[in-house]
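Subject: Structure handover

Hi,

Here is the structure for you to look over. My notes on what turned up follow below it.

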Amino acid sequence: MTPYAELHCHSTFSLLDGASDPERLVERAVALGLTALALTDHDDVGGAVRFATAAAGAKLNGLLGSELTVDVPMPAGLERAARHGAIPGRVLGEDGVPRLRTHLVCLAESREGWGNLCTLITRARLDHPRGEPRVTLDQLAAHTAGLFALSGCPRGWVPQLLSLEATRPARDAAGQLAELFGHRFAIECWDHALPEERALVAELIPLATSLDLPWVVTNDVHYALPRGRLAHDVLAALRHGATLDEMGTRLRPNGEWYLKGPTQLAKRWQGQEEGLAATLAVAERCTFRLEMLKPRLPHFPLPAGVSEDEYLERLVEDGAQERWGWRRTARHDQQLTHELTLIAKLGLSGYFLIVWDIVRFARREGILCQGRGSAANSAVCYCLGITAVDPIKLELLFERFLSEERAEAPDIDIDFAHRERERVLQYVYARYGREHAAMVCEHITWRGRSAVRDAARVLGFSPDQAGAIAAYSDRFSAKNTAAALRVGTAGQALDDETAAAAKESDPFAPERADAMGPANYSKRALRETRPATLVDAVASDLIVGTHASTLIKEARAEHRKVQAVRNGAPLKLLAQEEEEAPEDAAAKRAEGPGTGPLAAKRPPSRRRPRS
């Protein structure tokens, strides 16, 4: 068996394109016996920390990179075809010049390469509208040091030109990329059981050989397991704002974009194993790991001839006199000496000075602010005015905030009055420069009900129908929701394995059980009613006249007919009942709410009559 490293893989941080989170990808890679796995999300490195942490814990060689969107010049011979719309990747730049939009996979070989990759992604997002990140070929050329590049998926520069039968421009593009990256460049090949891909690969491999370039096999992974295709189709539909029925060819034609192991790929690439072996050489070159990064703080302006350690000590001394005054004892001095010594040893004096400076600005401007969290365990933070709790009086443990074993800057969380927060942000930008300050974003994930609403939407349900189904879903656990929505008894108990996994993934399960009862408590009414399945119960609340409700109505009518025949009812009577059914339904609607199958079992109101 030829060892193999997957060099092109997308996680959920390729928003609405990757269907597996970084941890699941690492777990699957270890199970398959992959030598290494690279995370290459679209114009993003947001999953790098989670991926690197999971890879280090699993002892997997985790490579970091990204698939960049690059706008390249349109070849002269294709401009005429581009004007007639015959080239899907054609775009108009801000200057009105037609360009070809392409993809390029870049892997960080070194610390310098990681910095260049982050710079390219920053420029791609800052210089263009939201949701349309891209860089130009000139920007790419200025930041190639320390990066190893792959020609990318079929939307890459070289494959796109080959698919347009522009062999000479494709050869020139491959040579230009090899020159830009100093021959840290390889042709990427794939096989997803598609004839058009195999035709492209049949041209890519000879092209690489003629230019003396390596070629590597990737699977352009978008989900960990084969069953992830369904989730990926749903994400694609959400990305395009369409239903699954409307997607057509915008969905991938099969489910081959999952993480494959060396054995499976060796069979598919039998006789061309050099493409698999070449992945190992690329993985060996990419030695950068996140552990190599050390934060570089902006410089805090100091008086001439005074070091950061000395200035911090002076500020703490002044603050100690203000905080404790005549109540100051040897115990206070001992604690301050201990903390200042450790802060100086770890080189964090500048960090504390910057935080103090921001808090000083807020208090000077009358902006309410307060430090919180583990920073309250520090006497230095207390003396600097960052926190308002005396840790010595309350006998708080400083090592919970900062210890030599962690050897990293501690978290100092500060709350600012929300109406004045922007003034503090602008002060930080002006004082330390925008290159040293950034806003932190959060990656929002689905819970049970939000997942149901979006899934129902791409299946063609109306918003009201999606809301009706989501009302029966577990508020917190998507796994509980999936189990409850399966065809079967409404609110049925989960099997032990699913229940254990759901509980493990839901840290709030004990609190919710204490406060609100079991996760299925809202489905108790369903268990007491006549409908046999949750689908039957939800169907009673669907909007009349939609495609989904019509199908359910027809299925129910057929079911009643079959049951009646089994019970010996004459067919003539059944036909008469079907003719009367619309009038009966209209009469029920006229009676107002409370006539559905759920309402029939609704318990009587406990409200006391007014006196």
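**Two loops and a positive phi**

E395 is found in the loop between α16 and β11 (413–416). Helices (H or I, at least four residues) and strands (E, at least two) are DSSP runs, numbered from the N terminus. The phi of E395 is near 55°, a positive value in a residue other than glycine. E395 is exposed, with a relative accessible area of 62%. Exposed means over 50% relative accessible area, buried under 20%, and partly exposed in between (1.4 Å probe, protein chains only).

Before going on, the ground rules. This is a predicted model: local features need pLDDT of at least 70, side-chain atom pairs count only at pLDDT 80 or more, and totals for chains, interfaces and linings use all residues. Residues are numbered from 1 along each chain as its sequence is written, and side-chain values use heavy atoms, with hydrogens and water left out.

K59 also has a positive phi, about 55°, although K59 is not a glycine. Its place is the loop between α2 (48–57) and β3. K59 is exposed, at a relative accessible area of 77%.

**Overall numbers**

The protein has 611 residues, and 44% of them are buried. Its secondary structure comes to 27 helices and 11 strands. The protein exposes about 33700 Å². Carbon and sulfur atoms supply 53% of that area. Accessible areas come from the Shrake-Rupley method with a 1.4 Å probe; for residues, only the protein chains shown count as cover.

Now contacts, meaning heavy atoms within 4.5 Å. Take those between residues at least 6 apart in sequence: 74% join residues at least 24 apart.

Helix α13 covers residues 308–323. At 1.5 Å a residue, its 16 residues should span 22 Å. The expected span is 1.5 Å times one less than the number of residues. The end C-alpha atoms of α13 are 22 Å apart, which agrees.

Which residues of α13 are buried? They are Y311, L312, L315, V316, G319 and A320. The buried residues of α13 pack against α14 (330–345), α15 (349–364) and α16 (379–383). Just after α13, G325 takes a positive phi of about 55°.

Helix α18 spans residues 448–458. Its buried residues are G448, R449, V452, D454, A456 and V458. G460 follows α18, with a positive phi near 100°.

The contact lists here leave out residues up to four places away in sequence.

- A5 sits in strand β1 (residues 5–6). A5 counts as buried, at 0% relative accessibility. A5 and L280 are 275 residues apart in sequence, yet 5.8 Å apart in space, C-alpha to C-alpha. A5 is in contact with A36, T279, L280 and A283.
- A242 lies in the loop between α9 (228–240) and α10 (244–247). A242 counts as buried, at 10% relative accessibility. A242 touches A237, M247, R250 and V458. V458 is itself among the buried residues of α18.
- P391 is in the loop between α16 and β11. P391 counts as buried, at 3% relative accessibility. P391 and A376 are 15 residues apart in sequence and 6.5 Å apart in space, C-alpha to C-alpha. P391 touches A376, N377, S378, A379, Y382 and L396.

**Cavities**

Rolling a probe the size of a water molecule over the atoms shows where empty space is left. A cavity here is a set of points, on a 1 Å grid over the protein atoms alone, where a 1.4 Å probe fits but cannot get out; lining residues have an atom within 4 Å of a point. Grid points are joined across faces, edges and corners, and a volume is the space filled by probe spheres set on the points.

How many cavities of 30 Å³ or more are there? The count comes to three. β5 gives the most, with three residues.

By class, the lining of the second largest cavity has six nonpolar, two polar and no charged residues. Nonpolar covers Ala, Val, Leu, Ile, Met, Phe, Trp, Tyr, Cys and Pro; charged covers Asp, Glu, Lys and Arg; the others, Gly among them, count as polar.

Best wishes

Definitions and conventions
1 Å grid on protein atoms, 1.4 Å probe; cavity = no way out; pocket = protein on both sides within 12 Å on 5 of 7 lines; lining within 4 Å.
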